[in-house]
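I opened my notebook to look up a few things in this structure. Here is what I wrote down as I went.

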Amino acid sequence: MPNKQNIALSIVIPVYGCAGCLLELQQRLKKVLKPLKLQYEIIYVEDRGNDGSWEVLSRIAKRDKLVKAYRLSRNFGQHAAITAGLSQAQGKWSIVMDCDLQDPPEEISNLYRKALEGFDIVLMKRKNKKLTFFRKFAANLYFKLINSFTDEHLNGIYGSFSILNSKVRESFLRLNDVNRHYLFILKWLGYKTASLEYEHNERFAGKSSYNFKSLLGHAFNGIFFQTTILLRWIIDLGFFVSICGLISAFYFIYRYLFQSALPGWTSLAVLILIIGGFILISTGITGLYIGKIFDQVKNRPLYVVDQSIIQRKNK
């Protein structure tokens, strides 16, 4: 069991639906980390999947003293699981990576060497993303939605595979935003950042838990979490509708005084429908923002740990 003060690397891995990947992942991690001759720890956070991942992690953690395994009380999502893992990390550097082996553990040494050049954060940039056509379409739509509503301009070629020093980790953990996005927060923190390219691999086993619906949901959460641009658009649209109404009023007055009044009530019905629709949409969007505020002010924990397996040094 390594001394807390001497741990150089903490490998944080959120786990969901990856039971078939975990043994292979553990073997490859050990093979990669041993030549580095650094004290390290591997932290798995199981996000309450139903595929037997926790049973596999339990066996791994009981056999290896360098492994910590945590199981959340329910599915809190990938970004909450990452936060849970980082909160338990004690290394000078923390590496975050996925559990499905699309992020190859063999890149850890390159990631660590790049960080030692003087960077606080190093992000891994995917080459030749191994995704199905549907996943590519959904992911592209996700980032287009995010970038069109925010000023972050995130690129879909970046994933959670990254390394950050203890200073960044502590800053990350101080943020208690309920609707979290790992890359958004790292970008907002603004520390010195570099990037490396790596070959994105095929998923080792199983299938991704992200589908079109979940990616769309993440996109909308990102919109409401990161920006108030929709509220500003409502104000702009309100001014536009008001100006159109004022122009229409002058037009109808002019027709009444100098020509003839327009027959029927079609124009009035159309205006009522437009304004009524605008009021309903703006009220709904405002309600969504209020809902997000309500979730935040409840101040509930970001996650709850149900079980943990940590082998401690014998006294």
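**Helix 3**

I started with helix 3, where H79, A80, A81, I82, T83, A84, G85 and L86 are buried. Buried means under 20% relative accessible area, exposed means over 50%, and partly exposed is in between (1.4 Å probe, protein chains only). Helices (H or I, at least four residues) and strands (E, at least two) are DSSP runs, numbered from the N terminus. Helix 3 covers residues 78-88, and because eight of its eleven residues are buried, it is largely enclosed by the rest of the structure.

**Ground rules**

I noted that this is a predicted model: local features need pLDDT of at least 70, side-chain atom pairs count only at pLDDT 80 or more, and totals for chains, interfaces and linings use all residues. Residues are numbered from 1 along each chain as its sequence is written, and side-chain values use heavy atoms, with hydrogens and water left out.

**Cysteines**

How many disulfides does the rule give? I looked for pairs of cysteine sulfur atoms within 2.5 Å, which is what a disulfide is here. The count comes to one disulfide. It joins C18 to C99, with 2.4 Å from S to S. The link of C18 and C99 is right-handed, with 65 degrees about the S-S bond. C18 sits in the loop between strand 1 (9-15) and helix 1 (22-33), and C99 in the loop between strand 4 (93-96) and helix 4 (108-115), so the bond ties together parts that are 81 residues apart in sequence. I checked accessibility too: C18 is buried at 1%, and C99 is buried at 6%.

**Salt bridges**

Next I went after charged pairs. Side chains of opposite charge can pair when their charged atoms come close. I counted a salt bridge when a side-chain nitrogen of Lys or Arg is within 4 Å of a carboxyl oxygen of Asp or Glu. Searching the whole structure turned up seven salt bridges, and I wrote down a few.

- E106 pairs with R28, with the closest N and O atoms 2.9 Å apart. E106 is in the loop between strand 4 and helix 4 and R28 is in helix 1, so this bridge ties together parts 78 residues apart in sequence. E106 is partly exposed at 38%, whereas R28 is buried at 19%.
- K68 meets E41 at 3.0 Å, N to O. K68 is in strand 3 (residues 67-72) and E41 in strand 2 (residues 40-46), 27 residues apart, and the pair links distant parts of the chain. K68 is buried at 8%, and E41 is buried at 2%.
- D120 pairs with K167, their closest N and O atoms being 3.5 Å apart. D120 is in the loop between helix 4 and strand 5 (121-127) and K167 is in helix 6 (residues 166-174), so the bridge ties together parts 47 residues apart in sequence. D120 is buried at 13%, whereas K167 is partly exposed at 41%.

**Helix 1 against helix 2**

Last, I looked at how helix 1 and helix 2 (residues 53-63) pack: the angle is about 30 degrees and the axes are 10 Å apart. Axes are lines fitted to C-alpha atoms, for helices over the stretch in contact, and angles run from 0 to 180 degrees between N-to-C directions. The contact (heavy atoms within 4.5 Å) is made by L22, L23 and Q26 of helix 1 and S53, V56, L57, I60 and R63 of helix 2.
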